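Below is a short briefing on a model, for reading beside its sequence and coordinates.

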Amino acid sequence: MKDKLPKERVGVFVCHCGRNIAATVDVKKVVEAISKHPSVVYATDYKYMCSEPGQALIKKAIKEHRLTSVVIAACTPSMHEETFRKVSNEAGLNWYKCEIANIREQCSWVHSDMEKATEKAIKITFSTVEKVIRNAPLEPIKMSVKRKCLIIGGGIAGIQAALDVADAGYDVILVEKLPTIGGRMAQLAETFPTLDCAQCILTPKMVAVARHPNIRLYTLSEVVKIEGFVGNFKVTIRKKPRYVDPEKCILCGDCEKVCPVSVPSEFDRNLKERKAIYIPFPQAVPASYVIDPQTCLGLNPIICGECAEACEANAINYDDSEEIFEEEVGAIIIATGYDIYPKENIGEYGYGKYIDVIDSLQYERLVSSTGPTGGEIRRPSDGKIPKSVAFIQCVGSRDVNHLEYCSKICCMYTAKHALMYKHLVPDGTAYVFYIDIRAAGKGYEEFIKRVQEEYGVVYIRGRVSRIYEENGKLILQASDTLTGEKLNLSVDLVVLAMGMIAKKGNRDVANIAKIPVDSWGFFKEVHPKLRPVETSTNGIFVCGACQGPKDISETVSQASATAAKAIELLSKVEIYHEPIVAEVNPELCSGCKICETVCPFGAIKVVDKIAQVNEILCEGCGSCTSACPTEAIQLRNVKDEQIYSMIEAILR
Amino acid sequence: MKKIKIAVAPGSSCGGCDVALVNLNEKLLDITNYADIVFWPTALDFKIEDLEQVNEIDIGIFVGAIRHKDHVKLAKLLREKSKIIVALGSCACYGGIFSLANLFEKKDLLETVYQKTITTENSNGKMPTESIKMGNIDISLPKLTNWCLPLKNLIDVDIYAPGCPPGERVLEKLYNIIIDFVKNGTVPDKGIALEPLKTLCDICPRKKPEKIVIRKFKRIHEVKLDPELCFLAQGVICLGPISIAGCDANCIKANIPCRGCLGPNQDIHDVAAKFISAIASLVQIDKEKELEEEIVNLIEEIVDPIGTFHRFTFGSGIFNKKQEDVME
């Protein structure tokens, strides 16, 4: 590359990172080699560059040697880039004239041969010097913030996040697809390991949401479009008609009594019926009936107008219609929850064939005091109290043919299920089939022990290979892998601990919000350890089981974490956007529209055959720069000439 | 006003570029008012010795790619004597169609041509030799270079006038450069003889949809082409986005996608790699996440990717790293 460069004075600081780097990379040799680079005027090494004395050393060198750029050869930029940029900025350098050469994660940690690792570290450092001398000094882009937060999903995660953000004094819009908030937790009977009644601890929070002056709740609603960028999102919401005015509905239930249509209740996992006009459960929020337009006899008073006639409060309005409206928000929290793996996929367990093979959520309803049997455990086929129950763990989970991952919560809830069974049927026998018991959590292991020892639940290590019915009993074929015995177990009821899966709708939300999902459809965080609730789109956060399997306590902690992140954002007077954005050379651009097509953030528009970049929308991903056929669009400080010179430095 | 001297030297060429020069018609006569054409073997009977005898040339035009040792000799001689060197046509500029031969080694090329094609009858397996003695006369053929190369790999080039053959816009600019040089003594800037240096999309009359999404790659006989819609949006590979707009979009207007004969408007490392990167980005872009594997399969359906994306530029692509030995 024959680019003309201003005279640069580069300082290189090589970190030992204790022995993390120094054990595999000869740092002295790196210093010696990099000193020969024509632009490098100062190079040194230090045990911990990120420590106070290390930082002081960098500052001192910048001033003493009048450095114009610095390269820190140390750990990954996601660890300390900010630290070192701050340090060099304090010493008078532009934020972007400091670059990190990652010689730890990309070198010392993955190699063992010292000579070769040192050679590689030298190349990485050389290449970073080539980049930094071509870096332009840049200033961050300033923007204002809309002080409002959108939360998608009204389960426990969305509820907690909404309350936290609203309590901090910011407006919240909570959007829930179903007629009520509460989510999966509202379906649960009790929670492990404390055996708190799920509804008893959840409903106060639901009520708090309904009453909070800062929270606007939209049920039966979906987010259909998200435009804009961090601090300034424009969100389009579609609200489906409820046909019942929640302000007027007094929950008398007269409508339900006269409704002629009965359908299986989704909330009760089809174990009970509901009417076409219904309330999902008594504590639903908003506290109002709703008409299911799919099953209602046409919403037409000529065909059937029973409910409207019966409603003394005049709350029913068959002419209610869909609304589409826009909201402007500064931050978005996604908390769309999870589904359980479809039992239909596991044919060997006879689901669909034997109605006494039920899934874990059906069981929750069955033992819930608000459930179809009023908290008595009765099997679906004949309503008898089962004298023996088999609980099968890892159904779908940890299975290469189904879900390769561990669903994390099933060991615990199965233990809870078994315990609840023993509470309800003390003389009954409970069997649990497991692969391993994973009870990592406060009080979890103790809980399992209690279930095994105090309640005498029989734990059998082994998988069930087949279930079939014989004389009203379910026969399980299994093997006990501890004794090596083959088992033929006859029970009254089988409960399958289904794995947790991402909601199908996650992919749609991902497309709308332009955030990535993993191969299972769970939303992807930026960093699993250090940025667990942030997504690759600034200002959009994720919490709860939509990000990966987790239990209620983890979900609630994560929800509060997203709230803290959102509050941090909303409380800022001004926010700054990274200036590492795409830039168009109008002399080369011919308006082919390839960049506009590939931009995942909608940041590029071709106007009069020249591409224009909205700097605030641009996240600097580089999709456009690699797609542009004429190299007319370049990412600031990651220009092609920089990349080529970096490659050349490595190949040298 | 003193007349200048122009020489036109041929490399490996089909002759089309010379025809393009002749097609300047009256302008060619106009040029002869200002210039003497001292060497143009394709038009008149010149030998290399004639060039050797000329002292100084103002504008040396080289047509065609470098394929054998005589081309090397001619190109070097032309550079030595000329103030300004023009690479005329895409072969001289980028290696052209001839340079697709670089996909094979020299030995394979000769074997294919002299022994392996179905229509070849050569039962003794005879191969051409470089020289033969007939009586007292030595007859020799110029030795093939190992690779077929663009002019710039051999000598310093001042002006690039690409095209297969160069079209009106490029030739007009070249004509202006020559006239300006004669009249005002202006030495042109190095680079491509065209301004502004936009690609075909800039002058393309076709409409582009909001997003250009390729669902499936189609060849022109497989689709009823909408004459008003961007080819790429119809799944037809068009090199317009990466090719210089030096042609008045003649192919496009005839409902034929651009094949990229004018090459890129920037010194790009590898035209094919760059354009594959561009075009692959458009394949099912809105369904990228769901269709990962399918997208790979779709891209693999492209027939003859090197011939498609490097039809005129293979000789100046990234493969030229292995061609350095021509300097021997």
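**Briefing**

Strand β1 (residues 4-10) of chain B pairs with β2(B) in the parallel sense over 4 bridges; strands are DSSP runs of E with at least two residues, helices are runs of H or I with at least four, and both are numbered from the N terminus. Two strands count as paired if DSSP finds at least two bridges between them. This is a predicted model, in which local features need pLDDT of at least 70 and side-chain atom pairs count only at pLDDT 80 or more, while totals for chains, interfaces and linings use all residues. Residues are numbered from 1 along each chain as its sequence is written, and chains are lettered from A and ligands numbered from 1 in the order in which they are written.

**Chain B**
- Chain B has 11 helices and 10 strands.
- Of its 328 residues, 42% are buried, meaning that 20 or more other C-beta atoms, placed from the backbone, lie within 10 Å of the residue's own.
- Among contacts between residues at least 6 apart in the sequence of chain B, 74% join residues at least 24 apart; a contact requires C-beta atoms, placed from the backbone, within 7 Å.
- An open sheet of 6 strands runs in the order β2-β1-β3-β5-β9-β10 (chain B), with parallel pairing.
- Its edge strands, β2 (35-39) and β10 (191-192) of chain B, each pair on one side only.
- B:Ile6 has B:Ile37 in β2(B) as its bridge partner.

**Sheet in chain A**
- Strands β11-β12-β17 (chain A), in that order, form an open sheet of 3 strands with antiparallel pairing.
- β11 (221-229) and β17 (323-329) of chain A are at the edges with a single partner strand each, so one side of each has no neighbour in the sheet.
- β11(A) and strand β12 (residues 232-239) of chain A run antiparallel and are joined by 8 bridges.
- A:Glu227 has A:Lys234 in β12(A) as its bridge partner.

**Helix pair in chain A**
- Helix α1 (residues 27-34) and helix α4 (residues 114-132), both of chain A, pack at about 40° with axes 9 Å apart; axes are lines fitted to C-alpha atoms over the stretch in contact, and angles run from 0 to 180 degrees between N-to-C directions.
- The residues of α1(A) that meet α4(A) are A:Lys29, A:Val30, A:Ala33 and A:Ile34.

**Contact between the chains**
- Chain B brings 24 residues to the contact and chain A brings 18 residues.

Notes:
Contact = placed C-beta atoms within 7 Å. Buried ≥ 20, exposed ≤ 12 C-beta atoms within 10 Å, placed from the backbone.
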